[in-house]
Amino acid sequence: MVCDILIQANTILTQDPQRTVLENAGVAITGDTITAVGPWENLSRRYTAGQTLNLNHAMVMPGLINAHTHAAMSLLRGVADDLPLMEWLTKHIFPVEKHLSPEIVELGAMLACAEMTRLGTTSFCDMYLIEDATYRAVDRAGLRVLGGEGIFMFPSPAYADTERGFDLVRELHERWKDHPRIRQAVMPHAVYTTTPEILRRCLALSQELNMPLHIHLAETVTETEQCLAATGLRPVQYVHELGLLTPKTTIAHGVDLTEAEIDLLAGTGTVVAHNPESNMKLASGIANVPYMLQRGVPVSLGTDGAASNNALNMFTEMTSCALLHKVRCMDPTCAPAQAVLDMATLGGSRTMCMPDIGYIAPGMRADMVALDLRAPNLQPLHNPVSHVVYAATGAEVCMSMVGGEVLYNDGAFLKIDYPSLLKEVSALRSWVREKLS
Ligand SMILES: [Zn+2]
């Protein structure tokens, strides 16, 4: 049989429903789809390929899925650290974001795409302003995205008022709906930046255009207090009464939740995008992920924006996630490595509403990355899942592929002109400084 690409790997961590791990194995790819996975001996006999990728020294695994980020905020990395959420957001982030242009957003998103590609993330869920510019970056960089224009009750750099914001969502939907790697969601920013009417309209629009819904929710105790004062309800109950909790909804953070609220998320099939490092850095709190998993809430993992993390690194995010819950529960069996890797792959596919990504099997999209097992911190290889969650740093990624297209290989970006990108990003430092002062 003929296929486009054959990958030969030392180890394949498939993350398939049986969590199969294969040694001396291969993957056959045709177009953007995986056509076969199995022992190399069989595959190499059955297939002739246009291209063979020799990854004998590497472990191939599904590309990681960053379930909550704001890609273009990579340009604001390190501009304001060590502050509480509301002060950080209103005094440092919003004042700069007010001046964003499509060119700047595209540049920031491109930098984020380079970082994610380099660190083994192949798909991400993105909420930002002037999202059209982010789609242009994603189109060029080759990654996969579920994006959404942030909807606010006040003007944004992308629209003069909320009504125009809704028009823009429709326009972007029309413009990008046939792109193979770009899909859209309706993304009201948060309860404290919208009104009940806006949230109702967001839900109706998501149903009309068959798009997922994504919102920051229950991130801090302050948010809960403000919501209680304004509506008489805590954030989860408030959005539930508006009908927002569904299997196609992801709430980002879910930190300040009662057990009854987690039960409600489980009952409605709502996904929680957990962002442990951002929550730690802004001291927002610790989401009760062990209880969510116990109750069957689908949990995905995200970095949040680079301004509150400060990296878009899903490997270190997995490490932080596993360690944080163990020390919170004072129980080392909490958040085991396999559950954490599941969040960064299978959970991510739930947030993205893309059931054809997240594991390696025939029929799935060919979104894969490879870790160089010759790295001293990955030797010896006793347990691949343990290495991925506790030992890998992302620096070991030697290949990233999305939809059968290699984006990064052996230290080289194949789609992004990285030297030019570096120059442009560095030239933007004075612009950011000016807007901050
Ligand atoms: Zn966020």
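Let's start inside. The largest cavity is lined by 22 residues. Nearest its centre lie His-70, Met-73, Leu-89, His-189 and His-216. Keep in mind that this is a predicted model.

How much volume does the largest cavity have? About 220 Å³. And which element gives the largest share of its lining? That is H2, with 6 residues. Helix H2 spans 85-97. Strand S6, at 121-128, also belongs in this picture: helix H2 and strand S6 each supply at least two lining residues. By class, 12 of the residues are nonpolar, 7 are polar and 3 are charged.

Why look for such spaces with a probe? Rolling a probe the size of a water molecule over the atoms shows where empty space is left. In this model, the count comes to 2 cavities of 30 Å³ or more.

On to the second largest cavity. About 40 Å³ of space lies there. Which residues line the second largest cavity? They are Ala-72, Leu-75, Leu-76, Leu-100, Ile-104, Tyr-128, Trp-431 and Val-432. By class, this lining has 8 nonpolar residues, no polar ones and no charged ones.

Next, the cysteines. How many disulfides does the structure hold? The number is 0. Take Cys-3. It is in no disulfide, and the nearest cysteine sulfur, on Cys-398, is 19 Å away. A disulfide would need the two sulfur atoms within 2.5 Å. Cys-398 is likewise in no disulfide, and its nearest cysteine sulfur is that of Cys-3, 19 Å away. Are these two residues buried or exposed? Cys-3 is at 2% relative accessibility, so it counts as buried, the cut-off being under 20%. Cys-398 is at 7%, so it counts as buried too.

Last stop: Arg-365. Where is it found? Arg-365 sits in the loop between helix H13, at 337-352, and strand S14, at 368-372. Its relative accessible area is 23%, so Arg-365 is partly exposed: buried would be under 20%, exposed over 50%.

What does Arg-365 touch, leaving aside its neighbours within four places in sequence? Its contacts are Asp-32, Thr-33, Ile-34, Arg-144, Asp-356 and Ile-357. Gln-294 and Arg-365 are 71 residues apart along the chain. Their C-alpha atoms are separated by 29 Å.

To recap: 2 cavities of 30 Å³ or more, 0 disulfides, and a partly exposed Arg-365. Thank you.

Key: Residues are numbered from 1 along each chain as its sequence is written. This is a predicted model: local features need pLDDT of at least 70, side-chain atom pairs count only at pLDDT 80 or more; totals for chains, interfaces and linings use all residues. Side-chain values use heavy atoms; hydrogens and water are left out. Helices (H or I, at least four residues) and strands (E, at least two) are DSSP runs, numbered from the N terminus. Buried means under 20% relative accessible area, exposed over 50%, partly exposed in between (1.4 Å probe, protein chains only). Contact means heavy atoms within 4.5 Å. On a 1 Å grid over the protein atoms alone, a cavity is a set of points where a 1.4 Å probe fits but cannot get out, and a pocket is an open set with protein on both sides within 12 Å along at least five of seven lines; lining residues have an atom within 4 Å of a point. Grid points are joined across faces, edges and corners, and a volume is the space filled by probe spheres set on the points. Ala, Val, Leu, Ile, Met, Phe, Trp, Tyr, Cys and Pro count as nonpolar, Asp, Glu, Lys and Arg as charged, and the others, Gly among them, as polar.
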